[in-house]
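Colleague: I am new to this structure. Please take me through one part of it closely, then show me what surrounds that part.

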Amino acid sequence: MVENEKPLEDENSKGDEVKKDPGKGQEKRQGKGQRKEQRTERRFASGRTIGTVLTMAGTLVGGFVLGSGTYGQWYASPSVAAAPWLILAGAALLLAVVIAGDLEGLTLRVGDGGIAWERGGKVTRRVGWCDLRSVGIRDGVVRLELQGQTLTWRVTANPMASAWVAKEAQARIPSRWKAEKSVVDALLKTSHEDGEILRVEPLQIAGRACKASKRPITFERDACYCQNCGEAYHQEEQPVTCLTCERPFRNAS
Ligand SMILES: [Zn+2]
């Protein structure tokens, strides 16, 4: 399922708590009179990292060396003895850029929908807070432990997203957050103006089961989510307290 980017209006992007502010027209009411809250997240484009700068430099140098070699071999008279080596070196460098280069960097979204990876403007992977067994930072690497899988990225690959993961994880799933205080203190300071605020589109629910009843949730209209951790429940099985994050359950669309 494709998740579209839908930037919210300006009035909705003024602060962390704005999505919970009933005066802003952010809340919808369901048929049964239950409140449904809008889920939002922040998008952090990768910006320029060491990886992207090296990739750009490699492309420039490789192109220049290849061009020089081509000129020396076929256009200079007499031809330059080192020209074939320059062609080879330039081509090798460009090939390395194609294989290992990182022009796009790491774009991440962090918020009510958990953590999402983005490539070419599309979300390619999303992990809800409820699905994280642990999340932490050690040795400059953000580490997410899922069932049977570990996902990592270097803090330097997207420092602002990393700082927001730390902030959100400590607030939403404090018992699963693992990092030294000094590590957290060394992260970038967060502000409510960070990132681009997007609405979280409904997740693909197929295959998920209600946390309370274990009943499979077949249709999106039957699903509701914990605003805090994203855990899924059947509409008819909404708990008072979320079984996963142990916070009072607030229904999110
Ligand atoms: Zn929850």
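Modeller: Strand E3 is mostly covered: 5 of its 5 residues are buried. This is a predicted model; local features need pLDDT of at least 70, side-chain atom pairs count only at pLDDT 80 or more, and totals for chains, interfaces and linings use all residues. Residues are numbered from 1 along each chain as its sequence is written. Buried means that 20 or more other C-beta atoms lie within 10 Å of a residue's own; exposed means 12 or fewer, partly exposed is in between, and C-beta atoms are placed from the backbone. Strands are DSSP runs of E with at least two residues, helices are runs of H or I with at least four, and both are numbered from the N terminus.

Look at the two faces of E3. Thr40, Arg42 and Phe44 point one way. Glu41 and Arg43 point the other way. In a regular strand the side chains alternate between the two faces of the sheet.

Now the partners. Two strands pair if DSSP finds at least two bridges between them. E3 (residues 40-44) pairs with E4 in the antiparallel sense, over 4 bridges. E3 also pairs with strand E11 (residues 196-199), again antiparallel and over 4 bridges. Phenylalanine 44 stands opposite leucine 108 in E4. Strands of a sheet pair through backbone hydrogen bonds, either parallel or antiparallel.

Step across to E4. This strand is mostly covered too, with 5 of its 5 residues buried. Thr107, Arg109 and Gly111 point one way from E4, while Leu108 and Val110 point the other way. E4 goes on to E5 through a hairpin, with 2 residues between the strands. The two run antiparallel and are joined by 5 bridges. Glycine 111 has glycine 114 in E5 as its bridge partner.

A nonpolar core is a set of buried Ala, Val, Leu, Ile, Met, Phe, Trp, Tyr and Cys residues joined through C-beta atoms within 7 Å. The largest one has 36 residues, and Leu108, Ala161, Val165, Cys226 and Cys229 touch the most other members. Two or more residues come from each of strand E4 (107-111), strand E5 (114-119), strand E7 (134-138), strand E8 (141-146), helix H3 (159-172), E12 and E13. H3 gives the most, with 7 residues. In soluble globular proteins, nonpolar side chains tend to be buried together.

Apart from this core lies another, of 5 residues, among them Val65, Leu86, Ile87 and Val97.

Cysteine 229 deserves a stop. Contact here means that the C-beta atoms of two residues, placed from the backbone, lie within 7 Å. Leaving out residues up to four places away in sequence, cysteine 229 touches Gly128, Trp129, Cys130, Arg172, Ile173, Cys242, Thr244 and Cys245.

Next, follow E7 and E8. They belong to an open sheet of 4 strands, in the order E9-E8-E7-E10, with mixed pairing. Strand E9 (149-154) and strand E10 (177-178) stand at the edges; each has a single partner strand, so one side of each is left without a neighbour in the sheet. E7 and E8 run antiparallel, joined by 5 bridges. Valine 135 stands opposite leucine 144 in E8. H3 lies across E7, E8 and E10, at about 135° to E7. That angle is taken between N-to-C directions on a scale from 0 to 180 degrees, with axes as lines fitted to C-alpha atoms, for helices over the stretch in contact.

E12 and E13 sit in another open sheet. Its 3 strands have the order E13-E12-E14, with antiparallel pairing. Strand E13 (232-234) and strand E14 (251-252) are the edge strands, and each pairs on one side only. Strand E12 (residues 223-226) and E13 pair over 3 bridges. Tyrosine 225 stands opposite alanine 232 in E13.

H1 (residues 50-75) has 26 residues and reaches 36 Å from its first C-alpha to its last, close to the 38 Å expected. The expected span is 1.5 Å times one less than the number of residues. Thr55, Gly62, Val65 and Gly69 are buried in H1. What covers the buried residues of H1 includes H2. Leucine 95 is in H2 (residues 83-100). Leucine 95 counts as exposed because it has 12 C-beta neighbours inside 10 Å. Leucine 95 and glycine 62 are 33 residues apart in sequence and 8.9 Å apart in space, C-alpha to C-alpha.
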